[in-house]
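Let's take a walk through this structure together, one region at a time. Have the sequence and the 3D view open as you read.

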Amino acid sequence: MRVLQVLAVSKILTSHLSRTHRPSASRQMSTAASSLKKSPIFRTLGLIGGKWIDAYDAKTIQVNNPSTGEIIAEVPFMGTLETNDAISSASDAFNSWSKLTAAERSKYLRKWYDLIMANKEELGQLITLEQGKPLKEALGEVNYGASFIEFFAEEAKRIYGDIIPATLGDRRLFVLKQPVGVVGAITPWNFPLAMITRKVGPALACGCTVVVKPSELTPLTALATAELALQAGIPPGVINVVMGNASKIGDALLASTQVRKITFTGSTAVGKKLMAGAAETVKRVSLELGGNAPCIVFDDADLDVAVKGTLAAKFRNSGQTCVCANRIIVQEGIYEKFAEAFSKAVRNLQVGDGFTEGVVQGPLINEAAVQKVQTFIQDAMSKGAKVLLGGKRHSLGMTFYEPTIVTDVKSEMLLASEEVFGPVAPILRFKTEEEAIHMANNTKAGLAAYIFTNNVQRTWRVSEALEYGLVGVNEGIISTEVAPFGGVKQSGLGREGSKYGIDEYLEVKYVCLGDMNRS
Ligand SMILES: NC(=O)c1ccc[n+]([C@@H]2O[C@H](COP(=O)([O-])OP(=O)(O)OC[C@H]3O[C@@H](n4cnc5c(N)ncnc54)[C@H](O)[C@@H]3O)[C@@H](O)[C@H]2O)c1
Ligand SMILES: O=CCCC(=O)O
């Protein structure tokens, strides 16, 4: 059947992997871990002012491989004091970094990009090791993450101001774009590299300096990427990395008057806390928060395209992506055919250790993630939903979960109202376009939405009606460095990537030059 032929599943789920072919991914995790530990990019200390530093009280936190539970490393468990020092370093470095020419900053960024790409294999392995995603997908993330550095290296040279026609003859009016200052960048575990470069790339391009706080679950990729920034010659203090006590680090960033902006990717709950905390010093905030993406399949969709696109949108990173399809909303005329073809495709997804050849579904990040998935499925079943496929922990144990399809899902179930962040595809049924739009918009979130249809008018009508920051039409993977990424409603504020992403790190200054007629 054509649907199955189209489903070269690993290809779909690793669409960013295009620049380098990986010959074999079958080596064992511990082999990868031991060889990585010898690599110069395997760093296990924080980075402050260009120096690799322990927590001042020597406390550490373990980093685990979610696939095996093995301890990969111990990293410093930092807090207020280290964060304050990182802020001071960033503030000192701002004085010189912001004064470089755009072309000079661009060259540093380009060098950093080149080094990330030159170290792609090791970075990909690190991502798989600490985050669990299949190696091919991890290598795709390296491409994706690096693309933000490359793009903003180029964009640095295009930060233009304006000249405004004056209202009085003896005046000239100018608009300057200037860096906001020191930026606090707080990032999640699901894309340990790309969520950092999507922030740090534009920040550095504008002349800002940064204090990065990666997730404690995945600090090693962040530290390796920072090491490569040092190797690229990016001066000490321009990029600092602290990790440990998240609320203490967050509070120190919020309290500092030197930090002029917080950029955050993560859960909506933490995003709201940061937004409230930023009010005290009136900092700028950019928030990339949780989603609840609808994926609407209309009767007139191409079945193969819809199955392929939905599979990619749902099962990327084992469902742990903020833009993952969270509700699959299918029109009644195609419902049965879609459910059958989709379940055939999902049944083929190979679950396992990310280093094993052919695996396209790694483990969930931790036991809490498994418990959340279980709770959502139980809630749905207690309210009348049916498990069509999967629905339990995988026989591999640990945090592996069976790719799951749940049918007869209703809006009031947790599976439809909250982000499941796991490999569970809930299918809902609708009759009319109007009903589909209502169901899709009936949520606090507004990040990504997907529609599958062959009707051009409907494409425009529905895209315009959806209250979302991103819309994929007949496509399940839509993220790219050249397009704006971000949400509406409680999915966030601001945009990342693209020419729009640079504005998040710039202040607009108006200069009025008077007395022009004096000779
Ligand atoms: N919109 C997007 O672009 C996007 C991208 C990736 C992930 N996400 C969302 O992120 C969530 C999953 O990531 P997560 O579990 O790491 O989110 P999280 O909010 O738990 O953690 C994100 C980061 O915030 C830190 N943090 C936690 N409490 C903090 C506090 N009080 N002060 C300062 N920092 C604090 C964490 O240590 C981590 O570094 C999902 O909801 C997902 O949708 C959104
Ligand atoms: O999970 C969030 C980021 C995913 C993406 O950039 O496509």
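An oxygen atom of ligand 2 sits 2.4 Å from an N or O atom in the side chain of Ser479. That is a polar contact, meaning a pair of N or O atoms within 3.5 Å; within protein, one must be able to donate a hydrogen and the other to accept it, and residues adjacent in sequence count only if both atoms are side-chain atoms. Before going on, please note that this is a predicted model, in which local features need pLDDT of at least 70 and side-chain atom pairs count only at pLDDT 80 or more, while totals for chains, interfaces and linings use all residues. Residues are numbered from 1 along each chain as its sequence is written, chains are lettered from A and ligands numbered from 1 in the order in which they are written, and side-chain values use heavy atoms, with hydrogens and water left out.

Stay with ligand 2 for a moment. The surroundings of ligand 2 (residues with a heavy atom within 4 Å of it) include Phe191, Met195, Arg198, Arg316 and Phe485.

Now turn to ligand 1. It has 28 residues around it, and Thr187, Trp189, Ser267, Leu289 and Glu419 come nearest. A polar side-chain atom of Glu419 lies 2.6 Å from an oxygen atom of ligand 1, and the side chain of Glu216 places an N or O atom 2.9 Å from an oxygen atom of this ligand. Glu288 takes part through its backbone, where a polar atom is 3.4 Å from a nitrogen atom of ligand 1.

Next, step back to the whole chain.

How much area is buried between domain 1 and domain 2? About 1,600 Å², with carbon and sulfur atoms giving 62%; this is the accessible area (1.4 Å probe) that two parts lose on being put together, summed over both. Between the domains there are 7 residue pairs in polar contact, both at pLDDT 80 or more.

Finally, salt bridges, where a side-chain nitrogen of Lys or Arg is within 4 Å of a carboxyl oxygen of Asp or Glu. The count comes to 22, yet it is 0 between domain 1 and domain 2. One salt bridge joins Lys199 and Glu496 (2.7 Å, N to O).
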